[in-house]
Amino acid sequence: MANAWRTNHPWATVYDFLVESERVGHPLARLGAGTDFGLLWKAAEVIGELPAGSAVLDVPCGGGVALRGLRPGQGVRYVAADISDAMLERTRVAARERGLLDQLELVNADVASLPFDDATFDLVVSFTGLHCFPDVRGALAEIARVTRPGGRLSGSAVLTDAGLRHEPMRFAGRLMGLMGPGCSSTELQTWLVQDGFEAVALRRSGGITYFTARKT
Ligand SMILES: C[S@@+](CC[C@H](N)C(=O)[O-])C[C@H]1O[C@@H](n2cnc3c(N)ncnc32)[C@H](O)[C@@H]1O
């Protein structure tokens, strides 16, 4: 079971450092996973395009890296959800530092059962998350359920067909209880379409694949 996150596993601190530090963390991620975390920062910019009154769900929010896409005074309802209280606290601190607290709602929630009505969100972001969940299929169905028609999804994940080079990372992640079974790029595309998404686009950066889609 990928539940080591609940108890603030040391990897959570290391991961947060890697993803937030452009000078040290990003080169290390490039070395270790052949991936460009700059793409995650870039992908988060979609949040800044939302008009006032929009609602965005960030699941799993982790330490709040996606907050860098939100602008102070944007007038957006930004719901950050995660199963780890420690990660939620990091997101709170990040939001305070960025002057975003007035737009932030923190929710301790399991992606398998999101405490939101159907079609609540104009945008769902799910960065570096799917491979951490015990049930990717169920997580995608929940994400689809809470996305409103016409709403967008942007995310990233370590997929099972990322290549042999990334198998040790997946093996270690599962051993530590930090990663679940994951899914392949074909499964991801198929499941997103089954869940009512269209315009599904995937882009691989080393061990991490970025994806976007729009709810019909
Ligand atoms: C690798 S971090 C990514 C966080 C953030 N999106 C980022 O890119 O930095 C994975 C996150 O997934 C969370 N997580 C793991 N299983 C979860 C679940 N079932 N429901 C919600 N969050 C979960 C962990 O607590 C952790 O914060």
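These are my notebook entries on a predicted model.

**Ground rules.** I number residues from 1 along each chain as its sequence is written. I take helices (H or I, at least four residues) and strands (E, at least two) as DSSP runs, numbered from the N terminus.

I found 7 strands in an open sheet, in the order 3-2-1-4-5-7-6, with mixed pairing. Two strands pair if DSSP finds at least two bridges between them. Strand 3 (104-108) and strand 6 are the edge strands, each pairing on one side only. Neighbouring strands are turned by 15° against each other on average, direction ignored. For such angles, axes are lines fitted to C-alpha atoms, for helices over the stretch in contact, and values run from 0 to 180 degrees between N-to-C directions.

Next I checked what packs on this sheet. Helix 7 (residues 185-194) does, touching strand 6 and strand 7 (208-215). The direction of helix 7 makes about 160° with that of strand 6. Contact here means C-beta atoms, placed from the backbone, within 7 Å.

**Strands 4 and 5.** Strand 4 (residues 121-126) and strand 5 (residues 147-157) run parallel and are joined by 5 bridges. I noted two pairs: valine 125 stands opposite serine 154, and serine 126 has glycine 155 as its bridge partner. Is strand 5 enclosed or open? It is largely enclosed by the rest of the structure, because 8 of its 11 residues are buried. I call a residue buried if 20 or more other C-beta atoms lie within 10 Å of its own, exposed if 12 or fewer, and partly exposed in between, with C-beta atoms placed from the backbone.

**Core.** The largest nonpolar core has 59 residues. Such a core is a set of buried Ala, Val, Leu, Ile, Met, Phe, Trp, Tyr and Cys residues joined through C-beta atoms within 7 Å. Val56, Leu57, Ala81 and Val124 have the most contacts inside this core. Helix 5 (residues 136-146) gives the largest share, 6 residues. I then listed partners of valine 56, leaving out residues up to four places away in sequence; among them are Ile47, Leu50, Tyr78, Phe121 and Val125.

**Ligand shell.** I counted 22 residues around the ligand. A residue belongs if its C-beta atom, placed from the backbone, lies within 6 Å of the molecule. Trp5, Pro60, Gly62, Ser84 and Phe127 come nearest. The shell has 15 nonpolar, 5 polar and 2 charged residues. Ala, Val, Leu, Ile, Met, Phe, Trp, Tyr, Cys and Pro count as nonpolar, Asp, Glu, Lys and Arg as charged, and the others, Gly among them, as polar.

A cis peptide bond joins valine 59 to proline 60, with omega about 0°. Proline 60 sits in the loop between strand 1 (55-58) and strand 2 (77-82).

Asparagine 8 has phi of about 55° and lies in the segment before helix 1 (10-20). With 15 C-beta neighbours inside 10 Å, asparagine 8 is partly exposed. Alanine 199 has phi near 50° and lies in strand 6 (residues 197-205). Alanine 199 is exposed, with 11 other C-beta atoms within 10 Å.

Conventions: This is a predicted model: local features need pLDDT of at least 70, side-chain atom pairs count only at pLDDT 80 or more; totals for chains, interfaces and linings use all residues. Two residues are in contact if their C-beta atoms, placed from the backbone, lie within 7 Å.
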